[in-house]
Amino acid sequence: MTTENRVLGEVETYLEDESSTIALATQIAPLLLADDPGHPGTPQGGRIHLRGDLGAGKTSFARALLRACGVTGRIKSPSYALLESYKVSNLYLYHLDFYRFSDPREWIDAGFRDILQKQAVVLIEWPEQAGGLLPLPDLEINLSYAETGRQARLIAYSNKGQSWLTRLVLPPRGSHPPGASVGV
Ligand SMILES: Nc1ncnc2c1ncn2[C@@H]1O[C@H](COP(=O)(O)OP(=O)(O)O)[C@@H](O)[C@H]1O
Ligand SMILES: [Mg+2]
């Protein structure tokens, strides 16, 4: 099955400035923290892949999401360390950046496989650099330069990701160039 076949939902919106990027992350954060209906009392967590050119806003988004999940103190970009981890009450949050990832042995040494199996919040910048090592995320966010802001395309690859998309409130279509559109 190709990646295309597993797309369960897709939404696009225009982020006119950094505050819009932060607002989107702040809106998604509580969806990651919400109780899993099958396991009341446990945060559901989830995996988000952040794609886009350098400066597109992947770290801005991740930082705002971690902040809104309750992470306090400094949130460093993981571009050198590959991984920064946080814990808020009983929830683990992992922020990864594969920009400099080159050797699959690093993958095993750093215990990345364990991270992906935990019920945690996992944010991954440059997932494409990890080749085929990563499973599909719940949600992929593609950020691209558009006018003076960024166009964001959100793609759900799991039921969890799809349920997040249905709960997002995005600016109405056409409110900003090139507008927002919602698709299946
Ligand atoms: N929607 C937006 N429109 C314009 N500038 C933005 C937007 N979102 C973030 N920025 C700015 O773009 C830059 C993004 O940097 P960063 O988040 O480090 O990018 P990346 O991690 O994708 O390389 C920051 O300077 C931030 O202030
Ligand atoms: Mg970055």
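At roughly what angle do the axes of H1 and H2 cross? In this predicted model, the axes of the two helices cross at roughly 45° and come within 8 Å of each other. That angle makes H1 oblique to H2, and the crossing has a right-handed sense. In general, a pair of packed helices is described by the distance between the axes together with the angle between them.

**Strand pairing around S7**

Strand S7, which covers residues 121-125, has 5 of its 5 residues buried, and it is therefore largely enclosed by the rest of the structure. In a regular strand, side chains alternate between the two faces of the sheet. In S7, Val121, Leu123 and Glu125 point one way while Val122 and Ile124 point the other way, and all of them are buried.

Two strands that pair with S7 can be described in turn. Strand S4 (residues 46-51) pairs with S7 in the parallel sense over 5 bridges, and within this pairing Leu50 has Glu125 of S7 as its bridge partner. Glu125 is also one of the buried residues that point the same way as Val121 and Leu123. S6 likewise pairs with S7 in the parallel sense, over 5 bridges, and here the bridge partner of Tyr94 in S7 is Val122. Val122 points with Ile124 to the other side of S7.

**The S5 and S6 hairpin**

S6 also has a pairing with S5. Strand S5 (residues 83-88) and strand S6 (residues 91-97) run antiparallel and are joined by 6 bridges, with Lys87 having Tyr92 of S6 as its bridge partner. The two strands form a hairpin that has 2 residues between them. Ser89 lies in the loop between S5 and S6, and its phi is near 45°, a positive value in a residue other than glycine. Is Ser89 buried or exposed? Ser89 counts as exposed, because it has 7 C-beta neighbours inside 10 Å.

**Residue pairs apart in sequence**

| Pair | Separation in sequence | C-alpha separation |
|---|---|---|
| Gln129 and Phe101 | 28 residues | 6.5 Å |
| Leu82 and His95 | 13 residues | 8.2 Å |
| Lys76 and Arg63 | 13 residues | 8.3 Å |
| Ser163 and Asp138 | 25 residues | 9.9 Å |

Gln129 is found in the loop between S7 and S8, and it counts as partly exposed because 15 C-beta neighbours lie inside 10 Å. Leu82 has its place in the loop between H2 and S5, and with 17 C-beta neighbours inside 10 Å it counts as partly exposed.

Lys76 counts as exposed, because it has 12 C-beta neighbours inside 10 Å, and the cut-off for exposure is 12 or fewer. Ser163, by contrast, has its place in helix H5 (residues 159-167), and its 17 C-beta neighbours inside 10 Å are the reason why it counts as partly exposed.

Note on methods: Residues numbered from 1 in each chain as written. Chains lettered and ligands numbered in written order. Predicted model: local features only at pLDDT ≥ 70, side-chain atom pairs only at ≥ 80, totals over all residues. Pairing = 2+ DSSP bridges. Helix = DSSP H or I, 4+ residues; strand = E, 2+ residues; numbered from the N terminus. Buried ≥ 20, exposed ≤ 12 C-beta atoms within 10 Å, placed from the backbone. Axes fitted to C-alpha atoms, helices over the stretch in contact; angles between N-to-C directions. Parallel < 35°, antiparallel > 145°, perpendicular 65-115°, else oblique. Left-handed = near helix turned anticlockwise from the far one by under 90°.
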